[in-house]
Amino acid sequence: MPYNKFEEYNINITDDTKNRFKDIIKDIGEDVEREGLLKTPERASKAMKFLTQGYHQDAAEILKSAMFKESYNEMVVVKDIELYSLCEHHMLPFFGKAHIAYIPNGQIVGLSKIPRIVDVFARRLQVQERLTEQILDCINDTLKPQGVAVVIEASHMCMMMRGVQKQNSVTTTSGFRGQFEKNETRNEFLKLISEKLS
């Protein structure tokens with residue numbers, strides 16, 4: 001699907017989808033006719049459509065819509081980008097922050113597009129490792145910069161609410177291409193994302 005300036009996703013919910021959520025509610029032992037649950041199957045369907053709208057969006061087209069020729073060739077860093085996704089193993093949320101940098105190679109991209117591509121890939125059933133790689137590869141392949149770096153720090157509800165139930169654990173993933181594969185450039189990026197602005 002080509003990129004649209006306005007965020008759009010299909011909220012048409014079929015009776016089949018609503019009935020599937022209704023069956024799940026019945027299976028866990030709830031009364032689907034209870035007042036508070038009457039519209040829950042529809043709401044859950046719409047929520048799932050929203051949380052997985054990334055399947056119908058093209059991250060490369062989003063970047064291409066705001067690429068500009070520019071001679072600037074130093075590091076560009078966008079850090080603390082909020083992200084929310086669904087773990088594909090349990091369909092429970094994981095959430096945190098992405099930190100992204102690139103070194104231009106004749107072209108820059110509108111800064112708002114970087115968080116937008118994070119959302120495109122996050123709004124799918126995901127694992128954090130793949131999410132990191134998809135963001136990295138999209139910027140690298142589309143913008144063709146001198147280098148790209150991505151670090152994601154996230155908390156996973158599948159570890160916090162169930163399973164090992166470790167509420168304070170944080171998972172960090174990273175990926176580097178081009179100039180960021182050099183220790184000096186990578187370390188500069190890691191220092192920048194760890195510093196707090198005064």
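Student: Are Phe180 and Phe189 buried or exposed?
Tutor: This is a predicted model. Buried means under 20% relative accessible area. Phe189 has 0% relative accessibility. Phe180 and Phe189 are both buried.

Student: Which geometry do the rings of Phe180 and Phe189 have?
Tutor: Their centres lie 5.8 Å apart, and the planes stand at 75 degrees. Planes over 60 degrees apart count as edge-to-face. The pair of Phe180 and Phe189 is therefore edge-to-face.

Student: How many aromatic pairs does the structure hold, and which residues do they link into a cluster?
Tutor: The structure holds two aromatic pairs. The cluster linked by ring pairs consists of Phe176, Phe180 and Phe189.

Student: Which residue lies over the face of Phe176?
Tutor: Phe176 has 12% relative accessibility, so Phe176 counts as buried. At 4.3 Å from the centre of the Phe176 ring, and over its face, lies Arg186.

Student: What is the handedness of the crossing of H1 and H2?
Tutor: Helix H1 (residues 15-27) packs on helix H2 (residues 40-51) at an angle of about 115 degrees, with the axes 8 Å apart. The crossing is right-handed.

Student: Which classes of residue make the contact of H1 with H2, and how many of each?
Tutor: H1 contributes Thr17, Lys18, Phe21, Lys22 and Ile25, while residues of H2 in the contact include Pro41, Glu42 and Met48. By class, the contact has three charged, three polar and five nonpolar residues.

Methods. Residues numbered from 1 in each chain as written. Predicted model: local features only at pLDDT ≥ 70, side-chain atom pairs only at ≥ 80, totals over all residues. Heavy atoms only, no water. Phe/Tyr/Trp six-rings, centres within 6.5 Å; stacked < 30°, edge-to-face > 60°. Buried < 20%, exposed > 50% of the residue type's maximum accessible area, 1.4 Å probe, protein only. Lys NZ or Arg CZ within 6 Å of the ring centre and 35° of its normal. Axes fitted to C-alpha atoms, helices over the stretch in contact; angles between N-to-C directions. Helix = DSSP H or I, 4+ residues; strand = E, 2+ residues; numbered from the N terminus. Left-handed = near helix turned anticlockwise from the far one by under 90°. Contact = heavy atoms within 4.5 Å. Nonpolar A, V, L, I, M, F, W, Y, C, P; charged D, E, K, R; others polar.
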